[in-house]
Amino acid sequence: MSKIRVTIWNEFIHEKHNPEVKKLYPDGIHGMLAKALAASDLEIRTATLEEPEHGLTQEVLDNTDVLLWWGHAAHDKVADEVVQRVLTRVWEGMGIIALHSAHMAKVFRQLNGTSGKLHWRESGDKERIWVTNPAHPITYNLPEYFELPYEEMYGEPFMIANDAQVLMISWFEGGEVFRSGFTLQRGNGKLFYFRPGHESFPTYYNKNVQTVLANAIRWAKP
Ligand code: ZN
């Protein structure tokens, strides 16, 4: 069986400029995830904003089955030409997993079709993530709910497409709720958005978070 070709894209800015984030993710979020998600059925590469064409050349995208996207501080630095290239590959069937603040990434907003705006508060709230669709492949092997002791709060209303299939809903100790995991089909490609993953918390080290991403990669492959 041929391997699923995964590209983890990260803008890779906070990890270089913020010492606390650098301590958490010395190899960048992309480098940490590449290690954490390594498996015999996956061929994982990484790409970052500063590389020529942001590391997302036509050749790389043509050889990517599933693209993970982490961006926050530099959404507007992503070249429109590269955005168009990614959109075209999704329509052709490439899967895409939008992580945390990628809700404002050009690629996500184009695919979502609306602003992607939400309420937020960077306060280290406890987050409880409830699985609302336990029958979906992305929630396989997850408990009824799981918790992250500290996260950035994202709250409703979250401007997402009306055809979104919601799989998970978060509760925050400030009282807010949020549709934290949902899927969309765009052309032949599948999209999954997953909320947790603020850069200054160790969220990607959480085993349930890693389970979600591992499941999502297998689900999103063409
Ligand atoms: Zn954040």
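These legends walk through several close-up views of one predicted model. Local features are given where pLDDT is at least 70 and side-chain atom pairs where it is 80 or more, while totals for chains, interfaces and linings use all residues. Residues are numbered from 1 along each chain as its sequence is written, and side-chain values use heavy atoms, with hydrogens and water left out.

View 1. His100 sits in the loop between E4 and helix H6 (106–112), and His198 in the loop between strand E9 (189–194) and H7, so the pair ties together parts that are 98 residues apart in sequence. Helices (H or I, at least four residues) and strands (E, at least two) are DSSP runs, numbered from the N terminus. His100 counts as buried because its relative accessibility is 0%; buried means under 20% relative accessible area, exposed over 50%, and partly exposed in between (1.4 Å probe, protein chains only). His198 is buried too, at 1%.

**View 2. Arg195 and its surroundings.** Look for Arg195 in the loop between E9 and H7. Arg195 is buried, with a relative accessible area of 0%. Its side chain makes a polar contact of 2.5 Å with that of Glu127. (A polar contact is a pair of N or O atoms within 3.5 Å; within protein, one must be able to donate a hydrogen and the other to accept it, and residues adjacent in sequence count only if both atoms are side-chain atoms.) Leaving aside neighbours within four places in sequence, Arg195 is in contact (heavy atoms within 4.5 Å) with residues including His100, Glu151, Glu152 and Phe178.

**View 3. Strand E5 between its partners E6 and E7.** Strand E5 (residues 119–131) runs antiparallel to E6, and eight bridges join the two. Two strands pair if DSSP finds at least two bridges between them. Glu127 stands opposite Leu148 in E6. E5 is also antiparallel to strand E7 (residues 165–172), with five bridges, and here Trp130 faces Ile169.

**View 4. Helix H5 and what covers it.** Among the buried residues of H5 are Val82, Val86, Leu87 and Val90. Their cover includes helix H4 (58–62), E3, E4, H6, strand E8 (177–186) and E9. Just after the helix, Gly93 takes a positive phi of about 135°.

**View 5. The largest nonpolar core.** This core has 36 residues, and Leu56, Leu67, Trp69, Val86, Phe182 and Tyr193 have the most contacts inside it. A nonpolar core is a set of buried Ala, Val, Leu, Ile, Met, Phe, Trp, Tyr and Cys residues joined through side-chain atoms within 4.5 Å. H5 gives the largest share, five residues.
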